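Open the model in your viewer and keep the selection panel handy. This tour goes stop by stop, starting at the ligand.

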Amino acid sequence: MRAHYRAEGLQEEDLAPDPYGQFLRWFEEAVAGGLHEPNAMVVSTADERGRPSSRTVLLKQFDERGFVFYTNYNSIKGREIDANPYVSLLFPWHAVARQVIVAGRAERTGRDETAAYFRTRPHGSQLGAWASEQSSQVASREELDRAYAQLAERYPETERVPVPPHWGGYRVVARTVEFWQGRENRLHDRLRYVRRDPGGPGGPGGSGAAAVWTVERLSP
Ligand SMILES: Cc1cc2nc3c(=O)[nH]c(=O)nc-3n(C[C@H](O)[C@H](O)[C@H](O)COP(=O)(O)O)c2cc1C
């Protein structure tokens with residue numbers, strides 16, 4: 001598959017009109033290609049002083065409004081996004097010689113949207129969201145297991161687990177999306193969609209605004 005993609009390349013005329021359509025094509029090809037967890041992406045954030053941090057999360061939804069993942073709002077990433085909403089997402093699809101890099105602004109999903117997704121999670125994962133104060137120091141594994149056991153007692157399988165107030169989604173509203181396709185001799189294809197908001201650069205943006213996208217080719 002890798003060799004096949006390398007030969008084929010990525011041409012401007014083959015791109016979808018917007019990066020979400022193009023992402024959907026590549027995502028479907030990644031799934032068809034048997035990639036393990038193609039929705040795993042590296043999210044990079046930076047604190048208010050510009051110091052970066054990265055971690056893997058799972059993409060749970062995407063459409064023209066943005067790319068959504070769920071996490072603990074009090075985690076390191078959550079606190080960094082509070083201080084500085086600019087983030088980067090990277091899909092490392094090495095097995096098919098591709099990567100997609102998104103740069104944009106993260107905003108919290110609405111509570112209804114978060115609750116709807118939370119309800120789809122297995123009971124144990126719902127309890128885990130309560131049991132773990134993500135990114136804070138924990139004294140021991142036993143402490144974590146104890147917290148979980150107490151919650152499991154309080155909320156047996158038959159009981160509805162409330163959505164933790166500190167847990168929810170982030171939607172990354174893309175400003176640029178780069179599609180990287182590995183080619184021979186390191187002459188890779190890099191096509192980057194750049195969002196031009198109505199009203200020009202620096203326009204209101206946000207997930208509600210209709211975006212106009214231009215595409216630029218970057219040197220590999
Ligand atoms: C494959 C994979 C998927 C993960 N998915 C998520 C996820 O969807 N949400 C999440 O909060 N953490 C997820 N994690 C754990 C994060 O990488 C990270 O450890 C955690 O979110 C705490 O990050 P932080 O302390 O930088 O905020 C995942 C880890 C791996 C390896």
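Predicted model: local features only at pLDDT ≥ 70, side-chain atom pairs only at ≥ 80, totals over all residues.

The shell consists of Glu37, Arg55, Thr56, Val57, Leu58, Tyr70, Thr71, Ser75, Ile76, Lys77, Gln134 and Ser135. Four are nonpolar, five are polar and three are charged.

Which elements each supply at least two residues of the shell? Select strand E2 (52-58), strand E4 (66-72) and helix H3 (76-83). Stay on E2 for a moment. With four residues, E2 gives the most to the shell around the ligand.

Now look at individual atoms, one residue at a time.

- Thr56: pick its backbone. An N or O atom there sits 2.6 Å from an oxygen atom of the ligand.
- Thr71: show the side chain. One of its polar atoms is 2.6 Å from a ligand oxygen atom.
- Ile76: go back to the backbone. A polar atom there lies 3.2 Å from an oxygen atom of the ligand.

How much of the ligand's accessible area does the protein cover? On its own the ligand has 620 Å², and the protein covers 65% of that.

Last stop: zoom out and select residues 28-150. UniProt, in an unreviewed entry, places the feature "domain: Pyridoxamine 5'-phosphate oxidase N-terminal" on this span.

Methods: Residues numbered from 1 in each chain as written. Heavy atoms only, no water. Near = heavy atom within 4 Å. Polar contact = N/O pair within 3.5 Å; in protein donor to acceptor, adjacent residues only side chain to side chain. Areas by Shrake-Rupley, 256 points an atom, 1.4 Å probe, with all protein chains shown as cover. Nonpolar A, V, L, I, M, F, W, Y, C, P; charged D, E, K, R; others polar. UniProt positions renumbered as here; feature names shortened; annotations may be inferred.
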